Amino acid sequence: MSTPIFLIGPMASGKSAVGALLAGLLGTTLIDTDARVIAAHGSIPEIFAAHGEAGFRRFESEVMAAAVPTQAQREARATAPAVVATGGGSVLAEANRELLAHGFCVYLLTDEADVAQRIGADTTRPLLGSNPLEAWARIFAMRSDLYERTATVIIDTRGKRPGQIAGAILAAY
Ligand code: S3P
């Protein structure tokens, strides 16, 4: 029976990019929870404007619950574990953390210097506001402990390319 791989970590830590590579290497498809929320409800800024962060979290939790393969599904697809790239706030809800505990949960560790280029002019993440790097650091400081506690393994992604990170995850899996 195969165990799903969950990617957790702060905004812009590379969860989606690494997830796509990893899914390719494992011959399975990537489940990207942000993409599923967007497909069902519209862009993330639109969702925040219409329903607030609380509304976004509700949608995110629904998608998480639907994305986690049941034991029967995992047994039926013995060689193809799901790869699930989560949003940076997925670890906030206890119900989500319980779901994450069913899989091999990989925390993509990064820091402010490493994400700086990727979030410089970001308009897709409402929580980053008008001073993205400062907001990123503040949010990361509040969540870093949760990421650590939820993780099965921690992969230090700093200075590494997505392919190297995917390789490190496979070596640990
Ligand atoms: C969020 C992270 C985003 C997205 C939303 C909220 C967060 O996903 O879910 O903007 O609370 O950290 P990424 O981690 O893929 O940026």
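I began with the sheet: five strands make an open sheet in the order 2-3-1-4-5, with parallel pairing. I took strands as DSSP runs of E of at least two residues and helices as runs of H or I of at least four, numbered from the N terminus. I counted two strands as paired if DSSP finds at least two bridges between them.

I looked up the edges next: strand 2 (30–32) and strand 5 (153–156) each pair on one side only. The twist averages 25 degrees from one strand to the next. Axes here are lines fitted to C-alpha atoms, for helices over the stretch in contact, and angles run from 0 to 180 degrees between N-to-C directions.

I noted that the model is predicted: local features need pLDDT of at least 70, side-chain atom pairs count only at pLDDT 80 or more, and totals for chains, interfaces and linings use all residues. Residues are numbered from 1 along each chain as its sequence is written.

I then checked strand 1 (residues 5–8), which pairs with strand 4 (residues 104–109) in the parallel sense over four bridges. Ile5 has Phe104 in strand 4 as its bridge partner.

Helix 1 (residues 15–26) packs on the sheet and touches strand 1, strand 2, strand 3 (83–85) and strand 4. Its direction makes about 170 degrees with that of strand 3. Contact means C-beta atoms, placed from the backbone, within 7 Å.

Which residue did I look up in helix 1? I looked up Ser16. Leaving out residues up to four places away in sequence, Ser16 touches Asp32 and Ala85. Ser16 counts as partly exposed because it has 19 C-beta neighbours inside 10 Å; 20 or more would be buried, and 12 or fewer exposed. An unreviewed UniProt entry annotates Ser16 as "binding site"; such annotations may be inferred rather than shown by experiment.

Methods: Contact = placed C-beta atoms within 7 Å.
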